[in-house]
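Dear colleague,

I am passing on the structure below, together with some notes on its aromatic contacts. Please read the notes with the coordinates open beside them.

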Amino acid sequence: MKQVGIIGARGFVGAELIRALQGHSEFELGYASSRALAGQLLRRAVPGSSSSLQFERLTHEDIAERDADIVVLALPNGLAADYEAVLPDSTVVIDLSADYRFDDTWYYGLPELTRASAAGQRRISNPGCYATAMQLALHPIKDALDGAPACFGLSGYSGAGTKKTRYNNSSTLDKNVIPYKTIGHIHEREVSRQLSKPIHFTPHVTSFFRGILMTVNARLTSPLTLDELQTRYTDAYSGEALIEMTEDVPMVNTAVGNSGATLGGFAVSDDGLRCVVHCTLDNLLKGAATQALQNLNLACGLNEHEGIRLG
Ligand SMILES: NC(=O)c1ccc[n+]([C@@H]2O[C@H](COP(=O)([O-])OP(=O)(O)OC[C@H]3O[C@@H](n4cnc5c(N)ncnc54)[C@H](OP(=O)(O)O)[C@@H]3O)[C@@H](O)[C@H]2O)c1
């Protein structure tokens, strides 16, 4: 069994990973670092966990000494470098933050689009949750885009993490939808970089806990029929265990707890020069923990979907 250490294990993403590792045949949780929950049993503090490990408050030096095969950094932005610096090149390090998404020396792992170069990677940057939804929706029409597509994103408030802000405050969000960072959100830059095309992204947060709805509205350089549009998606994703396609608009409430993403509600304007596509996913699963597990499986030469609930 490969030993996995999680830093930032108390957070929403860390907790998902703790649960996900329980069902894995080749990976085993070696430690879970948290300052706030140090000394508490995982099985008491993390719903769904049966682990008898305790959370530990580990310093950078402790982490270097613990010598895990895999280290997961599930920390807020800006903290990964000091942890990465104490780990040997042979350790598989996966960073859930945005810290290495713009660094060509790290592998950017969105498996459905990048898995060809995933095997053997030791420094992996996991994509953003919204950025995953946008890329899955845009990839099949990338060559046909006329200008920057408009990407309207709506997320549950777990996307903002556990640190209290107005974007995860239940009274601010009650019966409400709040737009934020409507120009220059970091996921806008991330997707533009990955696609080598500009995109426009307007995120919104609302009162449900988890789930993302992404509506992509794109102008096209030459007309497409609805059939031609749908065929592009079928060609891109048929056989993908974690991508489902529906004719209807996918519902964000059915994305909750689902390991994969759903694309659907395809529409084309009368002149065929504009199309709309929707993507739903669970920000904590395909938007974070499930994708991290796919990346780690691939990096370690395992079945990509080991430990992931399919269907
Ligand atoms: N939430 C999502 O939907 C989502 C999706 C994709 C990617 N991500 C990314 O994944 C990362 C984790 O997200 P999250 O939602 O799980 O965040 P979170 O719930 O806010 O958890 C952050 C974790 O980091 C630890 N932490 C905070 N400040 C720290 C510090 N200065 N030093 C050491 N540990 C510190 C916290 O534990 P202690 O304070 O107890 O140490 C906690 O375990 C973020 O970079 C986020 O952008 C999140």
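Please keep in mind that this is a predicted model. Phe209 has a relative accessible area of 30%, which lies between the limits of 20% for buried and 50% for exposed, and therefore counts as partly exposed.

In total, six aromatic pairs are present in the structure. In the pair formed by Phe12 and Phe209, the ring centres are 5.1 Å apart and the planes stand at 85°, which is over the 60 degrees required, so this pair is classed as edge-to-face. The two residues come from distant parts of the chain, since Phe12 belongs to helix H1 (residues 12–21) whereas Phe209 sits in the loop between strand E10 (200–206) and strand E11 (212–219), at a separation of 197 residues. Phe12 and Phe209 also belong, with Tyr157, to a cluster linked by ring pairs.

A further pair is that of Tyr233 and Phe266, whose centres lie 4.9 Å apart with the planes at 50°, so that the arrangement is tilted. Because Tyr233 lies in helix H9 (residues 226–237) and Phe266 in strand E13 (residues 261–268), this pair ties together parts that are 33 residues apart in sequence. Tyr233 and Phe266 are both buried.

Finally, there is a contact between a charge and a ring: Arg189 is placed over the face of Phe102, at 4.8 Å from the ring centre.

Methods: Residues numbered from 1 in each chain as written. Predicted model: local features only at pLDDT ≥ 70, side-chain atom pairs only at ≥ 80, totals over all residues. Heavy atoms only, no water. Phe/Tyr/Trp six-rings, centres within 6.5 Å; stacked < 30°, edge-to-face > 60°. Helix = DSSP H or I, 4+ residues; strand = E, 2+ residues; numbered from the N terminus. Buried < 20%, exposed > 50% of the residue type's maximum accessible area, 1.4 Å probe, protein only. Lys NZ or Arg CZ within 6 Å of the ring centre and 35° of its normal.
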